Amino acid sequence: MSVPKTGRFDAEDLVTAWRERGEFPKIHTAMTAWVRENVDPREGPVLDLCSSTGLLGRRLAAAGYTVRAVELPGPALQLGRSNGVYEYVPVMSLRIERDTLEDLGDWLRATVMPGHDPIRTVVARRAFPELWDSLGGAEGFSALGRLLAECGVRNVLLEGRAHSSRTTHPLGEAIAEANALAESWRVLCWRGPLYHLVPRA
Ligand SMILES: C[S@@+](CC[C@H](N)C(=O)[O-])C[C@H]1O[C@@H](n2cnc3c(N)ncnc32)[C@H](O)[C@@H]1O
C-alpha cells in the first residue's frame, strides 16, 4: 500500500532517512537538547504534543525518556505508524479542539491514577500555533493551559517560531506562546525560541 505524502514536502524523506540510516532530523536537535538540559528522564513520562510522524518522540525515547504522543488522525500519523516510528511511543490519535479537550484531559488524568506513570512534561515543538487555531483562539488556548496544569504536568517545553517581522499569526513567535499560557504557566528559563514553563501555583 502506498503511503500518502504529508503536507510538509520532506516529511517522508525524514522518515526514510531514519528507517534506512537511523538518522534523526536536524530540525529536532535543538528541542532534544533542551529537553535533556531541563528535564531528567526520571521525572516521569514526556508527552510529545502534535507529534506528526513521531520522530521527535522516538528520538527522546532513544535518549532514555518514556514518551507518549498525541497527533491528529491523518497522513503524518499514518506515515509514522506504518514505518515503525511509533513502536516505542504509544500515540493517541486525537484532533485537539474545544469538543475533544476533555478527551485529552481524561487521558492525562488516567495517567495520574495509581499504577500509572503520570505525564510530567509536555514537549510542544511548533505545536501551539496550530492548537491555537484548532481551539478557536485565546480562550480555548488558555483552557488547554489550565488543563495541562490541572492534570499534573510540571513542565512545558516549547519551541516556537523565531521572530519575523512578516508573521501575522497571534502566536507567531515563541514568546507569544509563553504569554498566551501565562494564566497557568510562568517562564522558568528560555533560550532563543525554546522556553521552559512551570505551573504558576
Ligand atoms: C508544525 S507540525 C510540528 C510537528 C512536530 N511537533 C515536529 O516538531 O516535528 C504541527 C503538527 O501538529 C499537528 N496538529 C495540528 N493541529 C492539531 C490538532 N488540533 N490536534 C492534534 N494535532 C494537531 C499537525 O498534524 C502536525 O503534525
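**Terms and their grounds**

Tutor: Helix H1 passes helix H4 in a right-handed crossing. This is a predicted model, in which local features need pLDDT of at least 70, side-chain atom pairs count only at pLDDT 80 or more, and totals for chains, interfaces and linings use all residues. Residues are numbered from 1 along each chain as its sequence is written.

Student: What makes the crossing of H1 and H4 right-handed?

Tutor: A crossing is right-handed if the near helix is turned clockwise from the far one by less than a right angle, and left-handed if anticlockwise. H1 passes H4 in the right-handed sense.

Student: Why is H1 called roughly parallel to H4?

Tutor: H1 (residues 11-21) and H4 (residues 75-82) pack at an angle of about 15°, with their axes 11 Å apart. Angles under 35 degrees count as roughly parallel, over 145 as roughly antiparallel, 65 to 115 as roughly perpendicular and the rest as oblique; H1 is therefore roughly parallel to H4.

Student: Which residues of H1 and H4 meet?

Tutor: Ala11, Glu12 and Val15 in H1 meet Ala76, Leu79 and Gly80 in H4. Contact requires C-beta atoms, placed from the backbone, within 7 Å.

Student: Why does Cys50 count as buried?

Tutor: A residue is buried if 20 or more other C-beta atoms lie within 10 Å of its own, exposed if 12 or fewer, and partly exposed in between. Cys50 has 21 C-beta neighbours inside 10 Å, so it counts as buried. Cys50 is found in the loop between S1 and H3, and its phi is positive, about 60°, although it is not a glycine.

Student: How do you know that Ser52 is buried?

Tutor: Ser52 has 27 other C-beta atoms within 10 Å and is therefore buried. Ser52 lies in the loop between S1 and H3, with a positive phi of about 55° although it is not a glycine.

Student: What puts the buried residues of H2 on the same side?

Tutor: In H2 (residues 29-38), the buried residues are Met31, Trp34 and Val35. They cover an arc of only 100° around the axis, and therefore lie on the same side of H2. The arc is that of the directions from the helix axis to the C-beta atoms. On the other side of H2, Thr29 and Glu37 are exposed.

Student: What covers the buried residues of H2?

Tutor: The cover includes strand S1 (46-49), helix H3 (55-62) and strands S4 (121-125), S5 (155-159) and S7 (194-199).

Methods. Helices (H or I, at least four residues) and strands (E, at least two) are DSSP runs, numbered from the N terminus. Two residues are in contact if their C-beta atoms, placed from the backbone, lie within 7 Å. Axes are lines fitted to C-alpha atoms, for helices over the stretch in contact, and angles run from 0 to 180 degrees between N-to-C directions.
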